[in-house]
Amino acid sequence: METVALENPLRAGLRLGRTPEPCTMVIFGATGDLTSRKLVPALYNLARERRLPGGFSVLGFARRDWSDDFFRETLLEGVNANSRSGPAEPSLWASFAEGLFYHRSSFDDPSGYQGLAERLAAIDAERSTGGNRVFYLATPPESYAEIIGQLGAAGLNRSPNGGWTRIIVEKPFGRDLESARALNQQLLAVFDEQQVYRIDHYLGKETVQNILVLRFANSIFEPIWDRRHVDHVQITVAESIGVEDRGGYYDSSGALRDMIQNHLTQLLTLVAMEPPVAYDADAVRDEKVKVLRAIKPIAPADVARFTVRGQYGAVSVNGRPLAGYRDERGVAPDSQTETYVALKRFIDSWRWAGVPFYLRSGKALPRRVSEIAIQFKTVPTMLFADTPMHDIEANVLAIKIQPDEGITLKFGSKVPGQQQIRPVTMDFRYGTSFGVASPEAYERLLLDCMLGDGTLFTRRDEVEASWALITPIHQGWESGPPQPFPNYEAGTWGPAAADEFMARDGRAWRRL
Amino acid sequence: MTTLPSVDISTIERELGQLWKENAAEAGGQAVTRALTLNLVARASDSATAEAISGVVQGLTASHPNRTVLASLRPDDAEPRLDAFVQANCLLGSRGAPQVCGEQITIDARGPAMAQVASLVLPLLVPDLPVVLWLPGPAPFADPLLGRLRGVIDRLIVDSRSFADPARELSEMARFEAADHVGPGNGPHAPALSDLAWAELTPWRELAAQFFDTRVLLPHLRRMDRVEIDYAPQAGRANVAQSLLLAGWLASCLGWTPLEDALSQEGGTLRLHLRRPAVNVGPSAIRLVTVELRAVPATAGRAGIAALHMRALDGVTADFSVELAAEEGMALTTAQVAGMTPVRRLARCERQSEGELLAAELRLLSRDRTFGAALRAAGVFAGRLG
């Protein structure tokens with residue numbers, strides 16, 4: 001099914017990688033927010049950067065009664081409002097929009113899929129897309145099973161005339177181990193694993209990819225990347241916004257499902273994995289799965305020791321009231337859903353045994369910031385008598401993912417003229433070192449899928465292994481007493497219990 | 001005997017140190033990063049060029065903060081004079097305070113004092129950083145500064161778009177790349193070479209290469225019979241160097257070799273005759289390729305390459321073309337194969353400033369082998385032309 005990249009002699013020495021084969025991307029749920037806010041702006045920018053071939057087409061599939069023209073207008077508005085390169089350039093947009101089409105159907109109507117097959121064949125003929133297709137599930141997850149089944153029934157899981165067919169599945173991929181397994185079974189009854197691309201947009205971020213470059217393209221970090229040198233690791237993904245208009249969805253999900261199961265677990269595996277034997281989809285994912293298998297599960301009975309939950313409450317900032325989580329639209333007034341979670345993980349491997357990995361994520365925190373901090377051990381003995389031992393801070397290597405992508409290293413330095421040691425940082429910022437704007441995560445991921453590279457997508461065993469670590473925590477929480485929610489004010493760094501949780505281990509959260 | 005003026009190196013360094021202190025004070029406690037990634041030595045033969053170079057160098061700070069040593073030469077002045085100035089080139093942070101800074105030393109040399117410039121440049125280079133020599137304008141290979149610095153520099157950057165005698169200078173450039181003469185800076189330590197005219201070809205190469213990333217179109221690449229390259233005058237004069245490089249690139253990538261009688265010329269059109277490797281077995285498999293370089297009027301006032309057509313005429317006809325569109329900064333690409341619907345699209349092919357081209361070439365850390373191969377092929381054509 002996968003295409004082999006044949007040698008194109010004109011490619012040698014060009015900095016941009018090869019362009020994918022012309023194909024049609026069918027977006028299910030094309031009238032939704034994701035399509036106009038993220039997907040089409042990403043595709044337009046790829047076209048703008050000359051990364052897409054002539055003939056590339058998009059076919060929107062949704063229930064609303066839209067025309068091709070109305071679809072194009074709506075997407076143009078989406079690009080104008082959301083593209084990182086600013087409003088669309090009219091002539092370039094006109095050329096790109098010639099390949100945008102809309103197909104109206106409900107997701108459960110077999111004739112709609114026959115119609116889809118006919119439209120795809122027509123696009124193949126008109127735009128030379130060679131039977132190559134990407135199906136993108138951008139619908140609410142309840143519709144996934146229906147669409148997958150209908151695609152199979154209509155024979156759209158295989159391409160005509162030697163082309164390829166791939167399917168991208170948006171998050172959330174299940175809500176527990178059981179539902180993730182069921183979704184995998186439904187997918188794999190129709191598609192081969194090689195055709196399936198489970199998206200986690202965190203992996204499309206440049207700094208996230210840079211974790212592997214930092215670790216495996218430098219010789220100075222890897223020798224100290226283990227239990228002998230690392231005291232602990234902190235991974236933070238903080239959001240300053242509340243749940244906004246996602247209240248209904250979020251209330252049935254919570255921070256553990258929404259952030260920890262996917263994004264933070266991905267960051268954890270990239271930091272902790274062994275060097276892969278090659279930089280390709282299976283070698284990298286094999287190593288990530290090994291980390292997941294080595295993570296010690298938190299038994300339902302142990303959740304109180306290894307996890308902290310929080311939910312934000314109303315507060316007034318400078319006289320302006322900020323709504324609490326339970327006041328948000330779509331949220332139950334007595335909701336027990338966590339908007340903040342912190343947990344401690346151990347990895348039972350030779351490299352990491354005994355090193356705690358602290359993960360925290362929350363909504364309505366003071367800043368939007370994501371980072372991974374590797375905290376090294378302190379020096380074994382104090383050489384400089386004038387400085388009290390506890391004044392020496394441990395070295396910290398912080399990998400900042402957003403908003404200012406970069407890497408900082410903290411180390412002790414002498415204060416000029418005094419017998420004093422003060423921590424200073426070496427700072428590397430993406431923005432200032434490379435005068436180029438990083439592409440959006442979706443640009444990278446959509447292009448990779450079209451090129452048939454699954455390295456930055458989640459494999460079946462990976463998604464199931466990560467749910468297997470999450471579900472027992474939910475079970476433990478559900479069997480315990482209700483929480484005294486809300487327990488932190490919007491705009492603070494989470495519940496007091498989270499600080500006590502670290503203090504029990506003699507550690508503290510980094511001030512971000 | 002005239003006493004030549006002199007400039008004191010340690011004074012220059014002291015002035016630079018002072019400049020950094022002032023910058024730090026201006027930044028109001030915020031860290032100012034002196035981030036130097038390379039030494040850039042540039043030569044200007046008149047004040048307009050010197051100003052243009054200063055402008056380009058300031059723009060480079062964002063991507064390649066560097067120490068620039070600008071040799072501003074006035075050979076025609078009778079009075080020997082030698083002056084030096086220092087300045088910091090800073091990228092402003094969010095609050096308007098300098099954040100990342102590079103530095104520039106301008107050496108103003110007039111008349112006979114010019115001979116001293118090379119000896120001044122050497123001690124001003126920051127140790128352990130690559131040295132790049134940028135010689136804009138015609139006749140870079142005859143430049144005395146290149147002669148003096150050849151053993152020191154890691155990369156030489158020229159611009160064949162400004163060559164006065166394109167064919168002859170392109171041959172010279174090919175010889176330089178091959179480093180086929182004796183002296184320091186040859187062999188494995190020969191400086192790498194960059195040509196801004198080649199850098200300007202990047203979007204053309206990308207757009208041409210993209211057709212053949214598609215499986216069904218790739219086989220046609222080996223079947224090309226005819227290539228046409230249209231080019232518009234550079235600064236009012238026809239300059240075939242860049243089109244020869246583009247033709248040389250296709251020839252080197254596809255293994256086309258020039259025939260004995262490789263060249264014919266007719267008015268503003270130059271034809272190159274080549275042999276392409278066999279696609280199938282048998283005598284009929286060996287075929288000839290004609291590459292036609294045509295001087296045309298500029299599209300929307302844009303100099304340089306205006307169109308590239310690649311055609312297979314024998315058997316299934318196939319036609320691949322990239323041509324500047326009426327819309328500013330855009331090119332129209334068309335793939336037309338008999339029996340298939342033609343595929344057209346508009347793609348960006350923006351005009352790039354000298355600074356952007358320079359920055360792109362500075363991103364290269366090693367020798368550009370694709371350029372080397374293209375230049376060698378172009379040098380063969382140019383040699384026969386001259």
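In helix α9 of chain A, the residues A:Thr265, A:Gln266, A:Thr269, A:Leu270 and A:Ala272 meet A:Lys288, A:Val291 and A:Leu292 of α10(A). By class, this contact of α9(A) with α10(A) comprises 4 nonpolar, 3 polar and 1 charged residues. The model is a predicted one, and the description that follows should be read with that in mind. The axes of α9(A) and helix α10 (residues 281-294) of chain A come within 9 Å and cross at roughly 105°. An angle of 65 to 115 degrees counts as roughly perpendicular, and α9(A) is therefore roughly perpendicular to α10(A).

Helix α9 (residues 255-272) of chain A also packs against helix α14 (residues 460-479) of chain A, their axes coming within 10 Å and crossing at roughly 140°. These two helices, α9(A) and α14(A), are therefore oblique to each other, and their crossing is right-handed. On the side of α9(A), the contact is made by A:Leu256, A:Arg257, A:Ile260, A:Gln261, A:Thr265 and A:Gln266. Facing them from α14(A) are A:Glu462, A:Val463, A:Ser466, A:Trp467, A:Ile470, A:Ile473, A:His474 and A:Trp477. Sorted by class, the contact of α9(A) with α14(A) has 7 nonpolar, 5 polar and 2 charged residues.

The axes of α4(A) and helix α5 (residues 144-153) of chain A come within 10 Å, with a crossing angle of roughly 60°. Accordingly, α4(A) and α5(A) are oblique to each other, and α4(A) passes α5(A) in a right-handed crossing. Here A:Pro110, A:Tyr113 and A:Leu116 of α4(A) touch A:Ile147, A:Gln150 and A:Leu151 of α5(A). The residues of this contact divide into 5 nonpolar, 1 polar and no charged.

The lining draws on both chains: α4 (110-127) of chain A and, from chain B, α7 (202-210), β15 (330-337) and β16 (343-348) each supply at least two residues. The largest share, 4 residues, comes from β15(B). By class, the lining of the second largest pocket has 13 nonpolar, 14 polar and 5 charged residues.

Most peptide bonds are trans, and most residues other than glycine have a negative phi. Against that background, the peptide bond from A:Gln402 to A:Pro403 is cis, with omega near 0°. Residue A:Pro403 sits in the loop between β15 (396-402) and β16 (406-414) of chain A. Another cis peptide bond runs from A:Phe485 to A:Pro486, with omega near -10°; A:Pro486 is placed in the loop between α14 and β18 (488-489) of chain A. As for phi, A:Arg50 has a positive value of about 65° although it is not a glycine. This arginine, A:Arg50, lies in the loop between α1 (33-48) and β2 (57-62) of chain A.

Terms used:
Residues are numbered from 1 along each chain as its sequence is written. Chains are lettered from A and ligands numbered from 1 in the order in which they are written. This is a predicted model: local features need pLDDT of at least 70, side-chain atom pairs count only at pLDDT 80 or more; totals for chains, interfaces and linings use all residues. Side-chain values use heavy atoms; hydrogens and water are left out. Ala, Val, Leu, Ile, Met, Phe, Trp, Tyr, Cys and Pro count as nonpolar, Asp, Glu, Lys and Arg as charged, and the others, Gly among them, as polar. Axes are lines fitted to C-alpha atoms, for helices over the stretch in contact, and angles run from 0 to 180 degrees between N-to-C directions. Angles under 35 degrees count as roughly parallel, over 145 as roughly antiparallel, 65 to 115 as roughly perpendicular and the rest as oblique. A crossing is left-handed if the near helix is turned anticlockwise from the far one by less than a right angle, and right-handed if clockwise. Contact means heavy atoms within 4.5 Å.
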